[in-house]
Amino acid sequence: SITMTEDTGTGVLNNAHQYFFDNTVRYALNRHALLIASGGYENLRYAGIPPTRIDDPTWSIGVDLTPAQNASIIIRYQHRYGFNAPYIVAIYPITARTTWAASYTDELSTQQQQIGASVAGSSLNSFGLPISGVGGSPVLLTNQALAIQSGLQRQSVMSFSSTTTFSRDSIGFSLLRENQKLVAAAPGYAGFSQNSLSGTVNYTHQLSEAASFSAYLDYTKLNSIAVGTGTTSTYATAFTYNYQFDPSLSGYAQYLLTNQNLYGYGQNINGFGGTSLQNSVIIG
């Protein structure tokens, strides 16, 4: 396989490119297990400070398991993006209604590239929630807890989710740990490393063929120099009512409450510290 991506833009994506050449060998142990090994080459170029150049052999070794119907477990250890790291994507239905999903990825990209890759590889389930287009596991298209940056990051993302679906209800729980390590800053912009840990509970109920109700609760802790030398914690909850007027028109009303606590500089010093409480009502 050959994957070639070229970017035209500004900052670290100015005339950047990512070329991957891979050859993969699979060996079936039985109908439920495949041994997989691959080798190849990568040529990566990013602008920024400092410029990033990677010309490296790549390799990976691991297993692909299908222990049950609608179950998939991929476990690999690989050398890619210039470093060694595990790669794990797993989805397993523990009951007829409940599915567990877990993943760990470690890659070199910008935040914009990560969002683009997430959108390209996702679809929506019957409740309108984003899911993986391959395994059907829940996905988070973007981590809104992290400060937005234009630099090149080594992004390590670990997630676990549990989803239980009934005829008219869906209940989900998820944990997300994301670490961004700055590799190159965009010229003229500040860059920094950051990490976050969040837990989320969501519930959706189909009130009728046209109407649905959903509730959401999230707690997140962010470690970033953008909020001082310490951490910031955020509580968020939302309640949403959706109504499908006809096949081409839908409406919704939402109440959102967020409470952010800032630490590190002390209360109200240099604009940092204290508590930020926000109530929102959105109709659309």
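**View 1. Tyr243 in the predicted model, a partly exposed residue at 33% relative accessibility.** The structure shown is a predicted model. Because its relative accessibility is 33%, Tyr243 falls in the partly exposed class, which lies between under 20% for buried and over 50% for exposed. Tyr243 is placed in strand E14.

**View 2. A nonpolar surface patch of about 480 Å².** The residues that make this patch are Leu207, Tyr241, Tyr243, Phe245 and Leu249. Strand E14, which spans residues 231-246, contributes the most to the patch, with three residues.

**View 3. Ser60, a residue of strand E4.** Strand E4 covers residues 52-65. Ser60 has 10% relative accessibility and therefore counts as buried. The side chain of Ser60 is joined to that of Ser38 by a polar contact of 2.6 Å. With neighbours within four places in sequence left aside, the residues in contact with Ser60 are Ile36, Ala37, Ser38, Tyr77 and Gln78.

**View 4. The largest nonpolar core, made of 14 residues.** Leu13, Leu44, Tyr46, Tyr81, Leu108 and Leu152 have the most contacts inside this core. At least two residues of the core come from strand E3 (33-46), and at least two from strand E6 (83-93).

**View 5. Leu13 and its contacts.** Leu13 is one of the core residues with the most contacts inside the core. Apart from neighbours within four places in sequence, Leu13 is in contact with Asp7, Thr8, Tyr46, Thr110 and Gln113. Tyr46, one of these contacts, is also listed among the core residues with the most contacts inside the core.

Terms used
Residues are numbered from 1 along each chain as its sequence is written. This is a predicted model: local features need pLDDT of at least 70, side-chain atom pairs count only at pLDDT 80 or more; totals for chains, interfaces and linings use all residues. Side-chain values use heavy atoms; hydrogens and water are left out. A nonpolar core is a set of buried Ala, Val, Leu, Ile, Met, Phe, Trp, Tyr and Cys residues joined through side-chain atoms within 4.5 Å. Buried means under 20% relative accessible area, exposed over 50%, partly exposed in between (1.4 Å probe, protein chains only). Helices (H or I, at least four residues) and strands (E, at least two) are DSSP runs, numbered from the N terminus. Contact means heavy atoms within 4.5 Å. A polar contact is a pair of N or O atoms within 3.5 Å; within protein, one must be able to donate a hydrogen and the other to accept it, and residues adjacent in sequence count only if both atoms are side-chain atoms. Patches are made of residues with over 30% relative accessible area and no salt bridge: like charges are joined within 9 Å, nonpolar side chains (Val, Leu, Ile, Met, Phe, Trp, Tyr) within 5 Å. Accessible areas come from the Shrake-Rupley method with a 1.4 Å probe; for residues, only the protein chains shown count as cover. A salt bridge is a side-chain nitrogen of Lys or Arg within 4 Å of a carboxyl oxygen of Asp or Glu.
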